[in-house]
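Work through the exercises below with the sequence and the 3D view side by side. Each task is followed by its solution.

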Amino acid sequence: MSRTKSKPQCKRPFLKSILAVHARLRKRFGARPWLADREPVLDSLVGTILSQNTSDVNSSRAFAQFKKAFPDGEAARRASAAEIEEQIRSGGLAKTKSIRIKKILDYVYARRGQTSLDYLRRLTTERIKEDLSEFPGVGPKTIACVLMFNLKRPDFPVDTHIHRIAGRLDWVSSRASAEQTYEILNAIVPDRLTYELHVLLITLGRRICHARKPECLECPLFWTCPLAKRKRAQHAEF
């Protein structure tokens, strides 16, 4: 995974702020233990691709259909992109995702002589990033998700929820890209918190801190969040 060449637009959040946010979110939403995930690494990669730009319900349904039609990687590789598309249609963007998945399957087989990515479990995190970054259509967010959810490596993926919340908390500048936010947070978030904080922030984004009309009064961060403070100040003016 290559690092961005441009200087990150950031405010370099203090560790104290991250720990405080984690504590408040954990108190509200409960602990999120880092569960062991022994599904094939290739399944994790395909599942991550299917989860992009859709709901959990839709992506889970698409993945279940994919696995029912293609029980293993070799069965999926032998299928055409059109056949894959038919099985993942419920997940949205089926044509784009099916082409990407097909290219990855062919690429893996051409490189390894088998349709499996479980060899990645033996590699260092940096080597895994290097390997996966060469796969067609696989970017930093996808790699980070595979690292954290499947391989249990302390990486901190940045999705739309986390990118939005990090900006609202002034952890990064509002002009920071998702990749810059990834670089900043991975340099600061303690390894022991990567999984739980990631899941808690996504829960906050889905339930309360919406892109439009965030429910600030319901937020466990209401009294410390810079966005909520600005809203309170604006309300006090009237």
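**Exercise 1.** Find which residue just after helix 1 takes a positive phi.

Solution. Go to the end of helix 1, which spans 15-29; helices are DSSP runs of H or I, at least four residues, numbered from the N terminus. Just after this helix, G30 has a positive phi of about 90°. The model is predicted, and local features need pLDDT of at least 70, side-chain atom pairs count only at pLDDT 80 or more, while totals for chains, interfaces and linings use all residues. Residues are numbered from 1 along each chain as its sequence is written, and side-chain values use heavy atoms, with hydrogens and water left out.

**Exercise 2.** Decide which residues of helix 1 are buried, and where they lie around the axis.

Solution. Begin with accessibility: buried means under 20% relative accessible area, exposed over 50%, partly exposed in between (1.4 Å probe, protein chains only). I18, V21, H22, L25 and F29 are buried. Seen down the axis, the buried residues of helix 1 fall within an arc of 100°, so they line one face. The arc is taken from the directions from the helix axis to the C-beta atoms. K16 and K27, on the other side, are exposed.

**Exercise 3.** List what L25 is in contact with, leaving aside neighbours within four places in sequence.

Solution. Contact means heavy atoms within 4.5 Å. By that rule, L25 is in contact with G30, L200, L201, L204, P220 and L221. Next, widen the view to the helix: its buried residues pack against helix 10 and helix 11.

Notes:
Helix = DSSP H or I, 4+ residues; strand = E, 2+ residues; numbered from the N terminus.
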